[in-house]
Amino acid sequence: MSGTKPDILWAPHQVDRFVVCDSELSLYHVESTVNSELKAGSLRLSEDSAATLLSINSDTPYMKCVAWYLNYDPECLLAVGQANGRVVLTSLGQDHNSKFKDLIGKEFVPKHARQCNTLAWNPLDSNWLAAGLDKHRADFSVLIWDICSKYTPDIVPMEKVRLSAGETETTLLVTKPLYELGQNDACLSLCWLPRDQKLLLAGMHRNLAIFDLRNTSQKMFVNTKAVQGVTVDPYFHDRVASFYEGQVAIWDLRKFEKPVLTLTEQPKPLTKVAWCPTRTGLLATLTRDSNIIRLYDMQHTPTPIGDETEPTIIERSVQPCENYIASFAWHPTSQNRMIVVTPHRTMSDFTVFERISLAWSPITSLMWACGRHLYECAEEENDNSLEKDIATKMRLRALSRYGLDTEQVWRNHILAGNEDPQLKSLWYTLHYILCYTEDMDQKSPGNKGSLVYAGIKSIVKSSLGMVESSKHNWSGLDKQTDMQNLNEERILALQLCGWIKKGTDIDVGPFLNSLVQEGEWERAAAVALFNLDIRRAIQILNEGASSEKGDLNLNVVAMALSGYTDEKNSLWREMCSTLRLQLNNPYLCVMFAFLTSESGSYDGVLYENKVAVRDRVAFACKFLSDSQVFVSCNFCGKSISYSCSTVPHQGRGFSQYGVSGSPTKSKVTSCPGCRKPLPRCALCLINMGTPVSSCPGGSKSDEKVDLSKDKKLAQFNNWFTWCHNCRHGGHAGHMLSWFRDHAECPVSACTCKCMQLDTTGNLVPAETVQP
């Protein structure tokens, strides 16, 4: 191999040794470096392995090919093919076995000198060595030698052959091969067929030929250019690969007329093709001046005779190193492991990772196959840190007969694992619905029993009269808050939410006691606060802080509640509004949202998604009216009605600034949620939310409108009003004044007759009717 790129060979039976063939033979020993440091003089092959040089053999110049002896003994016997056609047996170690000691240095000489291209040891008879030579018109190109032969013609004398400096040894020259094949032809590649000791596949000059040594006069051949690098699949002995230029041909020896498959042609000439010895149907190829090794995974057994089905092949590439690769060699036993060598003799130990196939078992265990290994990934029974997969939940619930307890419906959440608070709330709601439906059917059959199943919204709407609100006193505070007067329907709704029990007694005490027993301190305190019992809420928080599983920070929350004041400009209110969102528990958050909300505006409580739905529904039953109509922002959708109500401030009036008048009125011209400006009145061109009394330039027609007679409509002039057809509008007082004298919309270029679209637009005020 002098003057060419180096080649590399793994030892057939010593899994930790390989040889690099160039101008000399270098034997290396591979060792693991996982738990040890790199030794001095060692070469790093990978993160886990290194190579140490054991010996060098420089006694075989002009090497063209090398083949490692396949038998166990001797261990380091190699056959070297030279440029003059001779085959020399040499060794890379001290072999003390006298039986094979005479083999070292033996030479096998052809009749006519020409280059030896390839060597192949017979896998069944380890003494047979096949050599492929260049063409000679008067000689054979395939010679099969018996390395144990002692036949030497008399015309060839014994010679002295120098093996090393200062040392001579008598060497036997063998000139008579066991078989001679391929006359007047050239042999470029060779391989023995494992199924028979005497079958040899040779890549000749223009054909692939199968020689049967039992009858050397006949051969089976096929004409092709793909005659280089012939190699047999170690798992399917009828499948053979060969190449020419950049194309690989796959052959089936059972139908040898043509290739069964031709792989994708590469842009550069191929230099090596090799089957993986540890993996079925995996072929590796290398092209000239490349750092990529292409892998062809043949996902089928050899095609039967007569079946023209196209085989399935998966192609992929691996890059063992950054530099160009001169050669590579598969490890004989380590799965998918190979070693590569660069033109500068830099080596790299590399493992080709298999494609991973995944599969789910019927009990939701995940398994995957990677090469010869089978892995299982199952959830640990005691691992509660990760949320279980939904399929696992479904299986466990089915095994526990989840949902089948119809006698005590609420127990189904326990069968589900008692881990999901929302699921617990759902089953308790169903339990209450079932209980109160049976109770109502007994009292009044056919009346309202079926209405319970329609939901709380339907129950509340079934009320015949409107529910009015009234002032209710706080327990523990000198303060009153507007709450809805509970009718029969709202009481039923609270019962379905679990806040109160059956009967006419509206008492949340038993519900609070059950929450305290279950350790839900924050929820119990919130329910107590929503029922205007701040003293009970503080007491519950203190109990929770002093319990074994309680949070000591609940004392701090109780202290903050005890400082509650309803003054809008107080420091307590300002700090609680700002810091309540930093609380982790949603019930603590809604408690301060409730205390800092304006009367009737409880978005901070109603839209807290982490609070149980039935608690928010129960809160709505106590504080919201049956039909709460409000104006919502076009941008964020939140209510702006309460923020724009013209409730007089309790502060100073105009008189102290030298202007007489009534106390100031609120003036909100933007959405309190997103701060987008409110629409402008089509007449006064001032943003909605500005009181009419502060609008300049009131016309005479405004004077005709006197709505101050009825106190309930005192604020009507400031209401938002708009046409549902053209969407134009403004202050209610301005719109009424305009349409007393006009029929069309006040917006320029709009011809909509807004007032005539409403049946009330044609009504005549009572004071204008003549008797």
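Me: Over how many bridges do β33 and strand β34 pair?

Reply: In this predicted model, strand β34 covers residues 373–377 and pairs with β33 in the antiparallel sense. The number of bridges between β33 and β34 is five.

Me: Which residue in the hairpin of β33 and β34 takes a positive phi?

Reply: The hairpin of β33 and β34 has two residues between the strands. A positive phi near 65 degrees is found there, and the residue that takes it is Gly 371.

Me: Which residue stands opposite Trp 368 in β33?

Reply: Strand β33 (residues 366–370) is also joined to strand β32 (residues 357–360). These two strands run antiparallel and are joined by four bridges. The residue that stands opposite Trp 368 is Leu 358.

Me: Which residue of β19 does Leu 200 stand opposite?

Reply: Strand β18 (residues 199–204) and strand β19 (residues 207–212) run antiparallel. Five bridges join β18 to β19. The residue of β19 opposite Leu 200 is Phe 211.

Me: Why is one side of β29 and of β31 left without a neighbour in the sheet?

Reply: The open sheet concerned has three strands in the order β29-β30-β31, with antiparallel pairing. β29 (327–330) and β31 (347–351) stand at its edges. One side of each is left without a neighbour in the sheet because each has a single partner strand.

Me: Are α11 and α13 roughly parallel or roughly antiparallel to each other?

Reply: The axes of helix α11 (residues 554–562) and helix α13 (residues 586–595) come within 12 Å and cross at roughly 5 degrees. Angles under 35 degrees count as roughly parallel. The two helices, α11 and α13, are therefore roughly parallel.

Me: How many nonpolar residues has the contact of α11 with α13?

Reply: From α11, the contact is made by Leu 554, Val 557, Ala 560 and Leu 561. From α13, Leu 588, Met 591, Phe 592 and Leu 595 take part. By class, the contact has no polar and no charged residues, and its nonpolar residues number eight.

Me: How many charged residues are in the lining of the second largest cavity?

Reply: The count of cavities of 30 Å³ or more comes to two, and about 30 Å³ of space lies in the second largest cavity. This cavity is lined by Val 109, Pro 110, Lys 111, Asp 139, Leu 143, Trp 145, Thr 175, Pro 177 and Glu 180. The lining residues divide into five nonpolar and one polar, while the charged residues number three.

Methods: Residues numbered from 1 in each chain as written. Predicted model: local features only at pLDDT ≥ 70, side-chain atom pairs only at ≥ 80, totals over all residues. Heavy atoms only, no water. Axes fitted to C-alpha atoms, helices over the stretch in contact; angles between N-to-C directions. Parallel < 35°, antiparallel > 145°, perpendicular 65-115°, else oblique. Contact = heavy atoms within 4.5 Å. Nonpolar A, V, L, I, M, F, W, Y, C, P; charged D, E, K, R; others polar. 1 Å grid on protein atoms, 1.4 Å probe; cavity = no way out; pocket = protein on both sides within 12 Å on 5 of 7 lines; lining within 4 Å. Points joined across faces, edges and corners; volume = space filled by probe spheres on them. Pairing = 2+ DSSP bridges.
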